[in-house]
Amino acid sequence: MTDFIDTDTAELFRINDEIIGLKFKTEIQVELEDAKQIDAGFMEIIQEKDHFFIIDATDIMSNMDNEASRYFSKESKVANYTRAAAIVLNSLPIRLTASFFIKFQKPRFPTRIFDSREKAIEWFEELKSKG
């Protein structure tokens, strides 16, 4: 089992048995092919088991094109195994991008924005307790 994958635009890593993390590299533009590469990496890590995901978008200045955003929310293989996704961030431009993603791409899994990993994990615990 793989616990860490480094792609052209992001690092994917296991946080624990139920949570996978993604950290985008800074000053990049994530396009559709990058999204597919990240999706393949996620699938290698999760081994077709349901997981929670933390997208760590702190301290970056990166962007994602509309095709990549749509792919992650609707078409990615990993979306089938996503119990929920938390986007952790600390800047207004990234918050606007994340809010746009949630509002207009409408991911098929619960998705929220947080200002810390700890708050995101608390939300995952709430979701687990609700079943």
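This is a predicted model: local features need pLDDT of at least 70, side-chain atom pairs count only at pLDDT 80 or more; totals for chains, interfaces and linings use all residues.
Helices H2 (residues 66-75) and H3 (residues 92-105) pack with their axes 10 Å apart and at an angle of about 60°. That angle makes H2 oblique to H3, and the crossing is right-handed. On the H2 side, the contact is made by Asn66, Ser69, Arg70, Phe72, Ser73 and Lys74, while H3 contributes Phe100, Phe101 and Gln105. Of these contact residues, three are nonpolar, four polar and two charged. Serine 69 is buried, with a relative accessible area of 7%. Leaving aside neighbours within four places in sequence, serine 69 touches Met64, Phe101 and Gln105.

Turning to charged pairs, side chains of opposite charge can pair when their charged atoms come close. The model has eight salt bridges. One of them joins aspartate 3 and arginine 14, at 3.0 Å from N to O. Aspartate 3 lies in the segment before strand E1 and arginine 14 in strand E2, so this pair ties together parts eleven residues apart in sequence. Aspartate 3 is partly exposed, at 43% relative accessibility, whereas arginine 14 is buried, at 18%.

Another salt bridge pairs lysine 25 with aspartate 6, with the closest N and O atoms 2.7 Å apart. Lysine 25 sits in the loop between strands E3 and E4 and aspartate 6 in strand E1, 19 residues apart.

Within helix H4 (residues 117-130), glutamate 125 and lysine 128 are three residues apart, about one turn of the helix. Their salt bridge has its closest N and O atoms 3.1 Å apart. Shared partners join Glu18, Arg83, Glu125 and Lys128 into one network of salt bridges.

Methods:
Residues are numbered from 1 along each chain as its sequence is written. Side-chain values use heavy atoms; hydrogens and water are left out. Axes are lines fitted to C-alpha atoms, for helices over the stretch in contact, and angles run from 0 to 180 degrees between N-to-C directions. Helices (H or I, at least four residues) and strands (E, at least two) are DSSP runs, numbered from the N terminus. Angles under 35 degrees count as roughly parallel, over 145 as roughly antiparallel, 65 to 115 as roughly perpendicular and the rest as oblique. A crossing is left-handed if the near helix is turned anticlockwise from the far one by less than a right angle, and right-handed if clockwise. Contact means heavy atoms within 4.5 Å. Ala, Val, Leu, Ile, Met, Phe, Trp, Tyr, Cys and Pro count as nonpolar, Asp, Glu, Lys and Arg as charged, and the others, Gly among them, as polar. Buried means under 20% relative accessible area, exposed over 50%, partly exposed in between (1.4 Å probe, protein chains only). A salt bridge is a side-chain nitrogen of Lys or Arg within 4 Å of a carboxyl oxygen of Asp or Glu.
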